[in-house]
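Subject: Structure handover

Hi,

Here is the structure I promised to pass on. Please open it and keep it beside this email while you read.

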Amino acid sequence: MNDDIKVRIESLVEASEDELRESFVEIDKRTYELQKRVLAAFTDNRVSDSHFAWRTGYGYNDDGRDAVEKVYAQVFGAEKALVRTNIVNGTHAISLAILGVLKAGEKLVYCTGEPYDTLQSIIGTEGDPEPGTLKELGIEYGSIDLIDGEFDYDSIEKIIKEESPRMLAIQRSTGYGWRKSITVNQIGEFIHFVRSHGSDAVIMVDNCYCEFASFDEPSAVGADLVCGSLIKNPGGGLALSGGYIVGREDLVDRIAYRLTCPGIGAECGLTFGQTRVMLQGLFMAPHITAGALKSAMLFGRVYNKLGFDICPNESMERSDIIQAIKLGTPEAVSAFCKGIQSASPIDSFAAPVASEMPGYDDEVIMAAGTFVQGASIELSADGPMREPYNVYYQGALTYEHGKIGLISTLESLVDEGILEL
């Protein structure tokens with residue numbers, strides 16, 4: 001690539017960055033308030049160096065584990081939290097919430113359309129060989145599509161009256177769809193509507209990619225359960241593994257019995273010396289998430305200037321760290337991911353290749369040279385290899401790294417002859 005092209009790319013990115021300065025200032029103001037909230041949770045719960053100590057065996061009387069969960073509950077405005085290293089990912093946290101609450105004959109309804117691919121494995125289908133699915137356990141399932149990014153209240157009212165579902169679920173982020181993320185205000189309006197129609201259904205929110213992207217979390221507006229992954233926003237890039245579930249105490253207790261077993265629940269469970277990075281990551285999370293939000297906005301602004309469709313677009317309220325870009329061809333998706341991978345601190349020399357992955361119907365390409373395997377709060381991008389060939393960018397532990405990643409994707413697309421500047 002000649003120097004002239006490199007200068008054009010740098011100039012495009014710098015000009016786009018300047019146009020976003022005012023929006024970045026607003027993010028910084030919100031981040032300051034969020035940082036105060038997180039700090040208060042640490043001081044109110046008297047977190048100390050002793051909470052970083054190891055326990056062994058069963059993990060009885062693990063003060064560090066208890067401190068983590070008290071801090072999470074306060075930060076998220078919930079009665080109780082379950083935060084464990086052995087919740088392996090966000091999908092696991094969501095499945096625990098569903099299977100810990102629902103019994104045979106009860107119904108789950110997703111009110112944001114079909115959930116993303118990995119959740120389909122939990123739901124199950126006729127003849128599904130996988131054991132333990134909702135289908136096998138006799139738990140009913142349904143979904144209601146959004147209408148132009150808004151809840152379909154007519155259909156929700158109908159299903160409440162006719163079927164009395166036990167759980168209503170909301171997936172905030174887009175998954176591999178093409179819509180804006182669901183805002184906390186939308187969730188609050190949804191909960192008010194459900195309660196005003198006499199339903200006591202458990203409201204469960206999949207909060208992955210959304211923590212600290214808004215001033216409030218879903219539990220602050222009445223969500224009964226909120227679930228997520230520690231290797232996304234709330235882990236701050238430091239947590240090595242784990243997931244969280246926060247919400248009503250009685251429900252979190254039921255879910256803890258599902259995580260371990262009845263009679264034990266949350267009383268046991270070794271944290272393997274991870275309480276320090278879990279707490280430190282949470283403390284860093286508002287700042288890390290702010291950088292990820294800014295870099296997602298910069299990606300969106302630049303690619304939209306180049307003529308690509310983006311979601312969310314600049315007229316939409318942003319409440320997660322994901323920027324979807326409609327690239328249009330598999331070659332463009334591959335080139336974009338190659339650029340992300342080459343700008344990564346780990347495995348920069350690797351070439352991302354689309355392949356089959358558990359829980360996905362299509363081949364998926366993933367670029368993530370991360371310090372923590374699969375940590376999508378770090379610089380990463382992925383997408384299913386299916387029309388219209390969207391790529392989903394997220395993460396970057398620093399805004400500056402996100403900017404470098406953006407430049408690298410543009411250079412990759414130019415090198416492959418896909419983009420002209």
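How many residues does helix H2 have, and how far does helix H2 reach from its first C-alpha to its last? Helix H2 covers residues 21-44, which makes 24 residues. The reach is 35 Å, close to the 34 Å expected at 1.5 Å a residue. Bear in mind that this is a predicted model.

Stay with H2 for a moment. Its buried residues are Phe24, Ile27, Thr31, Leu34, Val38, Ala41 and Phe42. Just after H2 comes Arg46, with a positive phi of about 50°.

Next, the whole protein. There are 12 helices and 12 strands. The C-alpha trace spans about 65 × 50 × 40 Å along the principal axes. A compact globule of 421 residues would have a radius of gyration near 22 Å, and this protein agrees because it has 21 Å. Of the 421 residues, 56% count as buried.

Now look at contacts along the chain. Residues 24 or more positions apart account for 71% of them.

The surface and the charges come next. The accessible surface is about 17700 Å², and 49% of this belongs to carbon and sulfur atoms. The protein has 36 positive and 63 negative charges. Their mean positions are 5 Å apart.

Is Tyr72 buried or exposed? Tyr72 has 1% relative accessibility, so it counts as buried; the cut-off for buried is under 20%. Leave aside the neighbours within four places in sequence. Tyr72 is then in contact with Ala81, Val83, Leu230, Pro234, Tyr244, Val246 and Leu282. Ile139 lies 67 residues from Tyr72 along the chain, and their C-alpha atoms are separated by 30 Å.

Last, helix H8. It runs over residues 184-196 and has 13 residues. From first C-alpha to last it reaches 18 Å, close to the 18 Å expected at 1.5 Å a residue. Which residues of H8 are buried? They are Val184, Gln186, Ile187, Phe190, Ile191, Phe193 and Val194. Their cover includes helix H7 (153-163), strand E4 (167-171) and strand E5 (202-206). Just after H8, Gly198 takes a positive phi of about 80°.

Best wishes

Methods. Residues numbered from 1 in each chain as written. Predicted model: local features only at pLDDT ≥ 70, side-chain atom pairs only at ≥ 80, totals over all residues. Heavy atoms only, no water. Helix = DSSP H or I, 4+ residues; strand = E, 2+ residues; numbered from the N terminus. Rg over C-alpha atoms; globule rule 2.2 N^0.38 Å. Buried < 20%, exposed > 50% of the residue type's maximum accessible area, 1.4 Å probe, protein only. Contact = heavy atoms within 4.5 Å. Areas by Shrake-Rupley, 256 points an atom, 1.4 Å probe, with all protein chains shown as cover. Lys, Arg positive; Asp, Glu negative; His and termini not counted. Charge placed at Lys NZ, Arg CZ, Asp CG, Glu CD. Expected span 1.5 Å × (residues − 1).
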